[in-house]
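Please look through the notes below alongside the sequence and the model.

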Amino acid sequence: MAGTLELLAYDFFRILRAPHKEKLILKGASSNPRQISIPTARDRIVLRALYECLAEVYPAAKLLLPQVAIEDLKAALASGIYTEYAKIDLKRFYPSIPHTLIDAAIRKKIRKSELKQLIASAITTPTVPESQGRKDTPNPTIGVPQGLAVSNLLAEIALQDIDLAFKSRPDIWYKRYVDDILILTSKGQSEAVANELITELKNMGLQPHEFGPESKSKFALLTEPFSFLGYQVEGGQIIIRRESILRFESSIAKIFTAYRHKVATARSPKDMERARAYCEWKVNLRITGCFFGGKRRGWASYFSQITSTAQLRSVDHTIRNLITRFSLDGKVKTKSLIKTFYELRRGRAGNHNYIPNLDDHSISEKRALLALWIGDDAYQLSAEKVERRFEIKVTKAVRELEEDIAQTS
């Protein structure tokens, strides 16, 4: 792989010169929007290859699933060793990472100047509005652009040393997930350990929130509720934050509202039936999530580490009420979050019938599903066109699933 890395650097380190296109994602009225960098199609190929190479050189830097972090947290809480916690939040994490921090971490394992120049190009290429272009836009001297294939990996590489230092301490439990840090300690230790970490982070050029009444950083006894990665730790249970439940219920309600509009504008009984079938499929996709691109997707999958199912039963009840409100009793057959939860406990995609695996649909299944979007025209398309349009439609639907968990921290 080292040879591939050198070849990649030698052939492509000059490619990353077109500016990244800017996309802004709103985070609420009180927060600045998040800037996402969208590279050109050519640069995406290079950046993906760079990611694969760096992931082999730095395997421990690959970002694990949030569920893995929560599973570790469950074990730590169950051990009974810890009595206090400290949470530390990093301000503007990706935009604040010093390039010198990345450079220092990379130099420990990478010697080739061509490869280091390729990495430097990835993080110094400016991100600009589509209408602006690169002219007169200076290269950034700090921060990792969000949205690149290598963004997460470079950030993790930059912080590997400090993570290892605190993880290896026998008297604490430590977990950092991107910009959220959680520490569990014995009695009377949380404030001191957290302040030590905050000092180290500042020395690295990062911007941790200081402790204070309105701060995102805090320390307290484990008997006090706290949240981590969208989960809530409360009363000895790991449950779902109320805000996440409300967002999910709202997304379900929007599907039923869209159905009502489709029915109101339907031109024939066939259009009405297609609207009903599409509503049923989309609600069930929201409930169960799916397997797509070799990964588990969806809200239920993200929150599969909860220790109480009471909230899932409540959301199932809300969905039944929505069915009644939109006069769909007996007309749609919806699935259950409770059954989805237990199905997810059973293992991998091949073991499920209840949760759809969109990766293994046959052409006829894809054609039938595509007909929910475009009608009977789907049955006239060639197999190649069915494959292509199915990929486009399902990718968009799966992206909507991710919106339910986009603001979990």
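1. Glu387 is partly exposed at 35% relative accessibility, where partly exposed lies between buried, under 20% relative accessible area, and exposed, over 50% (1.4 Å probe, protein chains only). Its partner in a salt bridge is Lys366, with the closest N and O atoms 2.6 Å apart, a salt bridge being a side-chain nitrogen of Lys or Arg within 4 Å of a carboxyl oxygen of Asp or Glu. This pair links distant parts of the chain, since Lys366 belongs to helix α15 and Glu387 to helix α16, 21 residues apart. Lys366 is buried, with a relative accessible area of 9%.

2. This is a predicted model, in which local features need pLDDT of at least 70 and side-chain atom pairs count only at pLDDT 80 or more, while totals for chains, interfaces and linings use all residues. Residues are numbered from 1 along each chain as its sequence is written, and side-chain values use heavy atoms, with hydrogens and water left out.

3. Across the whole structure, the search finds 16 salt bridges. One of them joins the side chains of Lys175 and Asp72 (2.9 Å, N to O). Because Lys175 lies in strand β5 (residues 173-177) and Asp72 in helix α3 (residues 66-79), the pair ties together parts 103 residues apart in sequence; helices (H or I, at least four residues) and strands (E, at least two) are DSSP runs, numbered from the N terminus. Lys175 is buried at 14% relative accessible area, whereas Asp72 is partly exposed at 31%.

4. Salt bridges with shared partners also join Glu156, Asp163 and Arg176 into one network.
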